[in-house]
Amino acid sequence: MTTIQLTETQRDALDFYGEVHNYVEAFGLTNLQREERLLYKKGRQLLEEAMKKRSPSKLEHYTQDERTFIAVAYVQGLDRRTIVNKFRQQFGDNHTADSIGQKVEMCKSIDSTHKNHKRFQFRDNELLIILQDLDPNRFEV
C-alpha cells in the first residue's frame with residue numbers, strides 16, 4: 001500500500017471537500033465564498049488523482065506458465081486455497097487471490113468428476129486447452 005504525503009493545505013482541502021460535498025451536490029457552489037470554492041475544487045481534484053493512481057489502468061493477463069501451473073495443480077488434486085498460496089509463492093501477487101480462485105473454479109466447472117459443481121461461464125480457452133492436454137476425457141465444456 002502506498003502512502004501519499006500531503007501538505008497541510010492539501011489536507012485542509014480534502015477535509016473541506018468531505019465536509020461540504022453533500023451540501024454542494026444539493027445546492028451547488030454558488031453559496032460558497034470564492035476561497036471556499038477554490039478549496040473545494042482542490043479537494044475534489046486531489047481525490048480524483050488519488051483514485052486514478054489507485055485504480056489499475058489495465059488488467060494483468062495470465063501467462064502460459066501461470067495457466068499451466070493452475071491446471072497441473074488442479075489435476076494433482078490440490079484444493080483452491082493451496083493452489084492460490086502456491087501460485088502466489090511462485091509468481092508473486094500480480095493477480096488477486098479471488099482471480100486465481102476463479103481460475104480454479106473454472107477448472108472445477110468443466111471437470112467431469114464434479115458433476116454437481118456450479119457451472120461457470122468458461123472464458124479462458126488457453127486454460128481449457130491445457131486441461132484437455134493433461135486429461136482429454138476429464139475436461140469438457
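Leu127 sits in helix α6. Helices here are DSSP runs of H or I with at least four residues, strands are E runs of at least two, and both are numbered from the N terminus. At 0% relative accessibility, Leu127 counts as buried. Buried means under 20% relative accessible area, exposed means over 50%, and partly exposed lies in between, with a 1.4 Å probe and protein chains only. Met106 is 21 residues from Leu127 in sequence, and their C-alpha atoms are 9.1 Å apart.

The model is predicted: local features need pLDDT of at least 70, side-chain atom pairs count only at pLDDT 80 or more, and totals for chains, interfaces and linings use all residues. Residues are numbered from 1 along each chain as its sequence is written, and side-chain values use heavy atoms, with hydrogens and water left out.

Now step back to the chain. It has 6 helices and 0 strands. Along the sequence the pattern reads α-α-α-α-α-α. Of its 141 residues, 28% count as buried. The accessible surface comes to about 10,300 Å², and carbon and sulfur atoms hold 46% of that. These areas come from the Shrake-Rupley method with a 1.4 Å probe; for residues, only the protein chains shown count as cover. Take the contacts with a separation of 6 or more: residues 24 or more positions apart account for 50% of them. Contact means heavy atoms within 4.5 Å.

Return to α6, residues 125-134, and its packing with α3, residues 64-75. Their axes lie 9 Å apart, at an angle of about 45 degrees. Axes are lines fitted to C-alpha atoms, for helices over the stretch in contact, and angles run from 0 to 180 degrees between N-to-C directions. The two helices are therefore oblique to each other. Angles under 35 degrees count as roughly parallel, over 145 as roughly antiparallel, 65 to 115 as roughly perpendicular, and the rest as oblique. α3 passes α6 in a right-handed crossing. Right-handed means that the near helix is turned clockwise from the far one by less than a right angle; anticlockwise is left-handed.

Which residues make this contact? From α3 come Gln64, Arg67, Thr68, Ala71, Val72 and Val75; from α6 come Glu126, Leu127, Ile130, Leu131 and Leu134. They divide into 7 nonpolar, 2 polar and 2 charged. Ala, Val, Leu, Ile, Met, Phe, Trp, Tyr, Cys and Pro count as nonpolar, Asp, Glu, Lys and Arg as charged, and the others, Gly among them, as polar.

Look at Ile130, also in α6. At 9% relative accessibility, Ile130 counts as buried. Leaving out residues up to four places away in sequence, Ile130 touches Gln64, Arg67, Thr68 and Ala71. Ile70 is 60 residues from Ile130 along the chain, with 9.7 Å between their C-alpha atoms.

A second pair is α4, residues 80-91, and α5, residues 97-109. Their axes come within 9 Å and cross at roughly 125 degrees. α4 and α5 are therefore oblique to each other. α4 passes α5 in a right-handed crossing. On the α4 side, Arg80, Ile83, Val84, Phe87 and Arg88 take part; they meet Ala97, Asp98, Ile100, Gly101, Gln102, Val104 and Glu105 in α5. The division is 6 nonpolar, 2 polar and 4 charged.

Ser99 is also found in α5. Is Ser99 buried or partly exposed? At 22% relative accessibility, Ser99 counts as partly exposed. Val84 is 15 residues from Ser99 along the chain, and 9.2 Å separates their C-alpha atoms.
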